[in-house]
Protein chains: 2
Amino acid sequence: MANELPVFADVLAAAARIAPHAHVTPVLRSRSLDALAGAELHFKCENFQRAGAFKFRGASNAVWSLADADAARGVVTHSSGNHGAALALAARSRGIPAHVVVPEGAVKSKLAAIEAFGARLHRCAPTLAAREAMAAQVQRDTGANLVHPFTDPRVIAGQGTAALELLRTTGALDAVFTPVGGGGLIGGTAIAVAGVAPATRVYGAEPEGAGEAFESLRRGERVTDLVPDTICDGLRGTIGAINFALMQAHGIKILLVSDDQVRAAMRLLWERLKILVEPSSATVLAAVLRNRDRFAGQRLGLVLSGGNVDLDDRPA
Amino acid sequence: MANELPVFADVLAAAARIAPHAHVTPVLRSRSLDALAGAELHFKCENFQRAGAFKFRGASNAVWSLADADAARGVVTHSSGNHGAALALAARSRGIPAHVVVPEGAVKSKLAAIEAFGARLHRCAPTLAAREAMAAQVQRDTGANLVHPFTDPRVIAGQGTAALELLRTTGALDAVFTPVGGGGLIGGTAIAVAGVAPATRVYGAEPEGAGEAFESLRRGERVTDLVPDTICDGLRGTIGAINFALMQAHGIKILLVSDDQVRAAMRLLWERLKILVEPSSATVLAAVLRNRDRFAGQRLGLVLSGGNVDLDDRPA
């Protein structure tokens with residue numbers, strides 16, 4: 001599958017394909033957070049997804065899209081985070097090998113999770129070039145299928161299934177918010193929302209310290225040379241070309257949030273919803289609270305992307 | 001209502017009475033916790049209950065059991081913890097006054113929660129005698145109805161509705177576990193389980209540093225003079241007489257756990273279920289893990305009692 005833009009039918013197909021494997025995650029509410037936001041907030045809890053993040057949706061869709069002969073050679077990706085773990089788990093559920101290229105210096109607990117799901121780790125220098133080279137090497141050596149964390153159309157279509165479920169649970173919403181890193185989740189969400197509820201707007205929440213999507217949309221061309229500086233470890237990646245094209249095509253707007261706003265929002269989610277989310281997830285609540293007047297009185301859907309927070313490194 | 005033993009019909013009536021007010025909380029699963037326990041674990045998440053704990057069930061049942069004329073005079077209790085907040089919220093939902101007697105030195109954030117739900121605080125010295133005297137004074141002054149945190153039969157019946165919902169969700173279970181403090185939750189649970197699934201055993205999990213229920217059952221008489229020393233702030237109370245009678249009548253067994261085991265279990269619940277629970281809640285998982293061989297291969301229900309953990313005081 002080349003990197004053509006995925007469409008709504010791909011999201012629907014993904015939903016059917018991953019149904020036997022992925023959780024239908026709950027949508028939580030909180031009266032006190034509604035009061036704080038002056039709006040009606042519906043939280044789609046992907047922190048409860050298998051392997052702890054929405055990434056399992058896209059990874060599963062990619063793994064189960066493969067023909068048997070291709071699948072037998074396994075899958076490979078480069079990711080030291082949630083996508084690596086998600087792909088490892090998806091591969092194990094199909095009984096095929098998974099190779100995950102990880103940079104030197106990656107967080108030990110994350111690597112342990114990837115290995116616990118049965119993947120083989122391949123270490124490389126901590127640069128994008130080294131990661132891509134190593135992944136290409138593994139492909140040549142094993143014939144494994146590359147599943148990119150966010151530019152793979154199968155991955156994007158899979159990520160869109162979270163918004164499908166959200167809208168099925170809530171009915172009409174004025175807007176849906178997701179965090180923006182590489183753009184897999186926001187891209188899939190934009191496709192799903194346009195298919196189900198075209199009047200519903202889609203917003204991306206992005207840390208000020210990793211504002212590539214915001215800057216790319218402002219300039220009208222993809223920016224890839226910002227140096228990320230944010231506590232949102234899941235959102236430090238560069239926006240993908242196909243992802244940028246989807247954001248432009250769907251008229252996505254980006255709302256920036258500071259790390260302090262993310263910390264405050266994460267604490268609110270812990271305290272009021274009684275759930276554990278990682279910093280990236282809290283960007284969506286931070287964005288709504290920062291733009292309180294803009295969304296006052298509206299029905300809003302917020303995708304909480306994951307819960308893989310390092311408990312030894314508490315929020316302030 | 002005098003302190004006669006509540007029966008199954010009272011639990012069923014409570015379920016109908018609180019249905020418009022209380023949440024039906026989700027039951028969560030985790031493959032990795034199942035593997036760790038060697039058993040099938042079903043977690044009833046009362047940390048998602050309104051006001052953050054199962055206590056809202058009993059408080060609501062008591063408040064909505066009152067005749068209109070009685071209700072108009074309000075309710076009073078002594079509790080600086082979850083019951084105080086739960087009763088305040090239940091009273092507000094009925095539009096009646098709530099008085100909560102709190103000892104000097106109680107945690108500020110908990111008092112703020114009680115006040116935020118609209119209750120009036122009455123401060124007294126930090127002894128049981130002073131609390132009871134102050135509550136009696138408020139009763140005389142206002143005509144408010146006393147709703148004891150765990151000896152009130154309406155409260156016990158209300159707490160039993162969590163187990164009703166749990167069994168409705170899971171179907172047959174080999175055993176159900178709840179934390180034990182004053183004995184309201186375990187008492188209501190015993191009644192509910194006996195009514196729905198008489199073959200299902202009920203276990204109480206109790207901290208070694210607050211083992212009054214264990215000691216009372218061992219001696220065959222109620223022990224009330226142990227000095228509690230445990231991180232489980234919700235389980236430091238003395239076991240009630242009616243609660244002890246219920247535990248004896250239903251053949252409840254108590255499993256002791258150390259504070260270290262509670263800390264480890266709490267961390268597992270945070271990490272694997274991605275939910276926030278307070279130390280008291282973690283006793284049930286700690287008890288199952290401590291007695292791994294005894295429950296191997298069984299289907300178990302664990303009531304996670306609440307999520308009101310102080311985020312400024314993190315677990316080790």
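Two strands pair if DSSP finds at least two bridges between them. The legends below describe a predicted model.

**Figure 1. A parallel strand pair in chain B.** Strand S7 (residues 175-179) of chain B pairs with strand S10 (residues 299-304) of chain B; the two run in the parallel sense, and three bridges join them. One residue of this pairing is Phe177(B), whose bridge partner in S10(B) is Leu302(B).

**Figure 2. The open sheet of chain B and the helix across it.** The sheet of chain B is built from six strands in the order S1-S2-S10-S7-S8-S9, and its pairing is mixed. Its edges are formed by strand S1 (27-28) and strand S9 (253-257) of chain B, each of which pairs on one side only. Helix H9 (residues 161-170) of chain B lies across four of these strands, namely S1, strand S2 (40-45), S7 and S10 of chain B. Relative to S10(B), helix H9 of chain B runs at about 145 degrees.

**Figure 3. The two domains of chain A.** The domain assignment divides chain A into domain 1, given as 8-54 + 154-304, and domain 2, given as 56-150. The centres of domain 1 and domain 2 of chain A, taken over C-alpha atoms, are separated by 24 Å.

**Figure 4. The contact between the domains of chain A.** Domain 1 of chain A places 26 residues in contact with 19 residues of domain 2 of chain A. On the domain 1 side, the elements that give two or more residues are helix H1 (8-18), helix H8 (153-159) and helix H9 (161-170) of chain A. H8(A) supplies the largest share of that side, six residues. By residue class, the side of domain 1 of chain A that touches domain 2 of chain A comprises ten nonpolar, twelve polar and four charged residues.

**Figure 5. The relation between chain A and chain B.** Chain A is superposed on chain B by a rotation of 180 degrees with 0.0 Å of shift along its axis, at an RMSD of 0.0 Å. This is the relation of a two-fold axis. The same surface serves both copies, as 100% of the contact residues of chain A recur in chain B. Among the residues of chain A, Ile275(A) comes closest to the rotation axis, with its C-alpha at 2.1 Å.

**Figure 6. The contact between chain A and chain B.** Chain A contributes 13 residues to the contact, and chain B contributes 13 residues. The side of chain A that touches chain B consists of six nonpolar, three polar and four charged residues.

How values were computed
Residues are numbered from 1 along each chain as its sequence is written. Chains are lettered from A and ligands numbered from 1 in the order in which they are written. This is a predicted model: local features need pLDDT of at least 70, side-chain atom pairs count only at pLDDT 80 or more; totals for chains, interfaces and linings use all residues. Copies are superposed by least squares on the C-alpha atoms of residues with pLDDT of at least 70 in both. Two residues are in contact if their C-beta atoms, placed from the backbone, lie within 7 Å. Domain bounds come from an automatic or database domain assignment. Helices (H or I, at least four residues) and strands (E, at least two) are DSSP runs, numbered from the N terminus. Ala, Val, Leu, Ile, Met, Phe, Trp, Tyr, Cys and Pro count as nonpolar, Asp, Glu, Lys and Arg as charged, and the others, Gly among them, as polar. Axes are lines fitted to C-alpha atoms, for helices over the stretch in contact, and angles run from 0 to 180 degrees between N-to-C directions.
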